[in-house]
Amino acid sequence: MTLFPGAKQVLLTACAGVILSLAAFGYLRHEENLTAREALQTEAFNIQREIRQNMTAHLFATELLAREWEQSPQSIAQSWQRDAELISLYYQSVHGLVWLSPDLTIKRFYPPSRQPQLLGTKFRESDLLTTLQSSSGNRHAMVGEAGNLGRLSSDVAMFARLESDNKRGFLGLIISMQDLLNNVIRGNISEGFQLSLSHDDQTLYQFAGDISLQQSWSEQRDLQLLGNSWQLTIWLTAEKLAKLRGGVSVAILLAGLLITAMLTFVIFILAQSRYKAQQLADANIELYTEIDERERIEKQMAYLAEHDSLTNLINRNALMRILSEHLQDNEKSANTAILFIDLDRFKEVNDALGHTVGDELLRRVARRISKLAPNNSRLARSGGDEFLLALMQPDNRQQVLDLTAQLLKALDSHFFVDDYELFISASIGIAFAEDADFNAEYLIRNADTALYQAKDNGRNTYHLYNKAVHRDLAKKLELVKQLRYAVENEELVVYYQPKVELLSHRIVGMEALVRWIQEDGTVVGPDKFIPIAEDTGLIIPLSEFVLKEACKQLHHWHKLGFDDLTMAINISGKQLHLPHLVDDIMNTVHAAQVPADRIELELTEQVFIENIQSHTHFMHAIRENGISLAIDDFGVGYSSLSYLKNFPVTSLKIDRSFINDLPDNEDDAVIVQTIINLAKNLNIQLVAEGIETPDQVDFLMSRECGIGQGYLFSRPLSAENITELLENYHGLIPIQIA
């Protein structure tokens, strides 16, 4: 745990102050306790003395009265009549006067109110019985329990023995200890003291209202009265103890703690002041250090902002700045050129050998380019495996082309990295400042465009930028943007081309074909936008849209009564990489409420043979769900017969290129005949595409190809036109074929 500055001094001061305050308080409190204890002892002694004196006075009174009666010529009756009331009057704690016969029978008792119960009865229930019976010759008073003569268990009896001939017996005083002690205590005890009197663990009397300090602040004394031992306990009340102690110790403690707190606070302030001063000094040092470090970092950041950390070449931003400054002088920069260099197959090196080898290869490529670069050129790394070589003042354009050829040759040679001998090549795009209006950004962009064209031309070559290429690329980018918007907003439409049974002219199915009709009515051919959709990944949402619309339309035609119609839908190879394609297709089919056996998926030959293992799994899963599979454009691809054996294909579509020249072209006739024989032997259905003449129909029918598709029957039409065709001609094609 981190303490505040000066915590050690503050804690030491606080601890020392508290210890001294507590020590002073403890000493003074000890002295105060001694004073209180002495007062308690003095009070106990005084009370003990008063009780002893009072009891002794009653004993003397008992003995004196007995001696008077014994020496008096008067009879017991006369003396009784004279003294009983007098004794009760002068000794208020005496509640009774008794005369016992030698055999301890009660002969007389005062006051008269209790005579009927006691006269003639024996004295009993007292520890004095044995003492009285054996008291012959004892001239002293005897004290003990009052027994049946007392009203309370705490009452005491004092007996004196008379032994004259006509006066034998015992004279006794019955004393109420409660009254005796009340008289003694109330008249003599000081305020704030309390006491109790007990005999044999039995409390005889208690004068107390607060017993909280009875155990801790009490003084015990033994009272020995004529052979009887009583215990006197006296203690203080809390208020009396507080008065006896006074407030000096507490005042000293509070004053000590207050002084300690003030001193601690002063030391804390001083420590904070020293700490702040030290902090300020340290802050100044840190500030100067931070300024130096910031300057160093700013320089480093400025360097990194314009340099590549891997090759230490300048980066694209730095080159852009240098070119912008250089191109301000049009005459000086008339032949300025940019070579945009991109390494071919560099990703294969990274994937196979790792990024460490790849990074070292980039460094070696940078060094090799730098060796060939002219002195007035600037080489930059654009990012990844791309480099920009700016030729500031070449003599002419031919010099730029010659240098490009040298670079291609140099980069096509082997590189040794660690234990690996690596072969790569490069593609280079070339652009001149004059063609970019002497704008640095346009110059680099034009070189990038030329590089793109060089890669399309087969790589390990260069391409010189021209404005026609840029216009084509701009048109393509605009088309991509418009296609993306059309797909996202479902502005594409689905057209349908009938598949016809050649013999009966009956429409047996439809092929769903997507069409793009722009807002101004311009129709973009599928040969233009389908490849773009494949390249950009838009083919996936586009194909999902066609599948959904085609299934909904097929359900509509089934409801109209044309429930034998099937629907052929093209599947892209990119869709086959989707993890849940089968489930998605089946969900769409079921949502449209069409039978699965009325749906046919068409794939090209190339899609069939790519990634055969995963595609085979998809095809079998589709067939298990009842959907048919067709090979589109059969014969123009690989035409491997093995996949006809291994794949669950249900239909072949003969490509239109074999149908166009029938029946005149003998080679096409032989190929078509072979495909028909193959399909018949494998029990696979055949569909001929591109039928445009009755002669082609005759040729196919004569060779038992039963289903055709082409402009002779119908061009692709909208769903509304197909519905009219079906309803108007009852599912037949309105054409006469000889």
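This briefing covers the cores, a hairpin, the salt bridges and some backbone details of one structure. The model is predicted. Its largest nonpolar core has 84 residues. A search of the whole structure finds 28 salt bridges.

**Nonpolar cores**

- Tyr496, Met567, Ile569, Ile599 and Leu601 have the most contacts inside the largest core, which has 84 residues.
- Helix 15, residues 539–559, supplies the largest share of this core, with 10 residues.
- Another core lies apart from the largest one and has 45 residues. Val94, Phe193, Ile234 and Leu236 are among them.

- Strand 1 (residues 94–100) pairs with strand 2 (residues 106–110) in the antiparallel sense, over 4 bridges.
- Leu97 stands opposite Tyr110 in strand 2.
- The hairpin has 5 residues between its strands.
- Leu104 lies in the loop between strand 1 and strand 2. Its phi is positive, about 70 degrees, although Leu104 is not a glycine.
- Leu104 is buried because its relative accessible area is 4%, and buried means under 20%.

**A buried loop residue**

- Thr237 sits in the loop between strand 9 (228–236) and helix 6 (238–245).
- Thr237 is buried, with a relative accessible area of 12%.
- Leaving aside neighbours within four places in sequence, Thr237 is in contact with Gly192, Gln194, Asp210 and Leu213.

**Salt bridges**

- Side chains of opposite charge can pair when their charged atoms come close.
- Asp344 forms a salt bridge with Lys455, and their closest N and O atoms are 3.3 Å apart.
- Asp344 lies in strand 11 (residues 337–344) and Lys455 in helix 12 (residues 440–456), so this pair ties together parts 111 residues apart in sequence.
- Asp344 is buried, with a relative accessible area of 0%. Lys455 is partly exposed, at 25%.
- Glu360 forms a salt bridge with Arg364, with the closest N and O atoms 3.1 Å apart.
- Glu360 and Arg364 both lie in helix 10 (residues 355–372). They are 4 residues apart, about one turn of the helix.
- Arg364 is partly exposed, with a relative accessible area of 29%.
- Glu360, Arg363, Arg364 and Arg367 are linked in a network of salt bridges.
- Arg598 forms a salt bridge with Asp564, with the closest N and O atoms 4.0 Å apart.
- This pair links distant parts of the chain, 34 residues apart. Arg598 is in the loop between helix 16 (581–592) and strand 22 (599–604). Asp564 is in the loop between helix 15 and strand 21 (566–570).
- Arg598 counts as partly exposed, at 23% relative accessibility.

**Other backbone details**

- Pro111 is in the loop between strand 2 and helix 3 (115–118).
- Pro663 is in the loop between helix 20 (656–659) and helix 21 (666–681).
- Glu125 has a positive phi of about 60 degrees although it is not a glycine.
- Glu125 is in the loop between helix 3 and helix 4 (129–133).
- Glu125 counts as exposed because its relative accessibility is 55%, and exposed means over 50%.

Terms used
Residues are numbered from 1 along each chain as its sequence is written. This is a predicted model: local features need pLDDT of at least 70, side-chain atom pairs count only at pLDDT 80 or more; totals for chains, interfaces and linings use all residues. Side-chain values use heavy atoms; hydrogens and water are left out. A nonpolar core is a set of buried Ala, Val, Leu, Ile, Met, Phe, Trp, Tyr and Cys residues joined through side-chain atoms within 4.5 Å. Buried means under 20% relative accessible area, exposed over 50%, partly exposed in between (1.4 Å probe, protein chains only). Helices (H or I, at least four residues) and strands (E, at least two) are DSSP runs, numbered from the N terminus. Two strands pair if DSSP finds at least two bridges between them. Contact means heavy atoms within 4.5 Å. A salt bridge is a side-chain nitrogen of Lys or Arg within 4 Å of a carboxyl oxygen of Asp or Glu.
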